[in-house]
Amino acid sequence: MANRLLSPKLLHRLLSSSSFSSSAATVTTDSILNLDDAEALFSSVPTPKLLRSAINLHAAAIEPMVDLGMWAMSSRFTNTAVVREVMLAAVRRTFYEHFCAGEGAAEAGRRVAGLWESGLRGMLNYALEHADDNKSCDRNVQGFVQTVESTNLLPQSSVSFIIVKISAICPLGLLQRVSDLLRWQYRNKSFHLPWKLNTLSIFSDSSPFYHTPTKPDPLTPEEESDLYLAHQRLEKICEKCLEANVRLSIDAEDTFVQPAIDYFTYSAAIAHNKDNNPIVYGTIQAYLKDASERLYRAVRSAEKMGVPMGFKLVRGAYLSSERQLAASLGVESPIHNTIDQTHACFNECASFMLEKIANGSGAVVLATHNVESGNMAAAKAQELGIEKGNQKLQFAQLYGMANALSYGLRNAGFEVSKYMPFGPVELVMPYLLRRAIENRGLLSTSTLDRVLLRKELMRRLKAAIL
């Protein structure tokens, strides 16, 4: 209990302080989701965990604290062994502990079991990315296979997805080469790619093509061999997921390699998604201007081929790097100009996929921290008559974030998962750094969770005292 961690008097002083409280005095949420009842939302969360979450979210909302964490994670001073150990220890006990599921599959599994007991599921993400060579890719694929196998020891259905980044199992340079060739072929229909497998639609006319200003050279025999090896690695992961009866979601990455990632994803989906049961899911980033049209085209081509297709819909996590690259090349950014345009795109894509599910085709994971988007999707699903618990519709939030929305959706009867990166601190550092950079605004405006956590902690404190 909280009063075992801190005295009731000290805890009351902490929770009542202006630095801990949110500037918002009340929480207003008009929706079919009841996000006002903090007691009902957090009933399954032990008080010590609730208090740690409140403290960590409060720290993450203080920009100087985030700046310090970013510096600690990226500074060259951490190359010094002693300094590095100190920095890693500090990150491990704060941001890492809150936003990551542990260092290994066993620890992540315990976190999944805890979520399962509270009515949530886990999306296990062994946080590997950006491999440079085949040796690294071969090592990485074994990590993914072990992650899939670890689900056999967990409660059935407690893991909704295994998450994989293609850049972990195919060298980044090769992904860039394949992306260049795919772009060139889209704009030059007679351009032949002898190695190309069946795939769904990858581009729209509004997709960014500035990455490939000139005709790329064909793949060399060695590159074609490496591409085959990468397909074999993905095939191995798919087969393991089929054996374990767990779905596979391929993450989106930077636009300079995204065409190749979609190519891998869709070719695997064509091979493995059968009988209206999508196993392999792609990811659409709604902050991209071409997101909705690419989604529509991919779905239409899947329907023509009779391939049941699932998508994870996200807003996007590479905003700064995408805009910086576009600016350095003197071209228009592929990112929507405003956050409201991104929200509108996400909601439009969500509505499109919900209608597909209602008509008996398709599947979607709506990965959002935005309460309005969650409300709209829940209301749309209810309006379309999509049954609660339908496995073709799932919601998701990052582990350690937007817990009020997660529990609110759970209480409304929807399937909800938490995206759970795990691995050694050094391995997960790129994920943590990217989240710190890309989501500074999101972290600083996590008002809903902070207000509700404080409200529930105060209620429990008063109950303990009385």
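Glu 293 is partly exposed, with 28% relative accessible area; this class lies between buried (under 20%) and exposed (over 50%), as found with a 1.4 Å probe on protein chains only. The model is predicted, so local features were taken at pLDDT of at least 70 and side-chain atom pairs only at pLDDT 80 or more, while totals for chains, interfaces and linings use all residues. Residues are numbered from 1 along each chain as its sequence is written, and side-chain values rest on heavy atoms, with hydrogens and water left out.

Glu 293 takes part in a salt bridge with Arg 297, where the closest N and O atoms are 3.2 Å apart; the term stands for a side-chain nitrogen of Lys or Arg within 4 Å of a carboxyl oxygen of Asp or Glu. Both residues belong to helix 12 (residues 291–305) and are 4 residues apart, about one turn of the helix. Helices (H or I, at least four residues) and strands (E, at least two) are DSSP runs numbered from the N terminus. Arg 297 is partly exposed at 22% relative accessibility. Glu 293 also meets Arg 300 in a salt bridge (3.6 Å, N to O), and Arg 300 is partly exposed at 43%.

A further salt bridge joins Glu 415 to Arg 121, with 3.3 Å between the closest N and O atoms. This pair links distant parts of the chain, 294 residues apart: Glu 415 lies in strand 8 (residues 415–422) and Arg 121 in strand 1 (residues 121–126). Arg 121 is buried, at 6% relative accessibility.

Glu 39, Glu 456, Arg 459 and Arg 460 are linked in a salt-bridge network.
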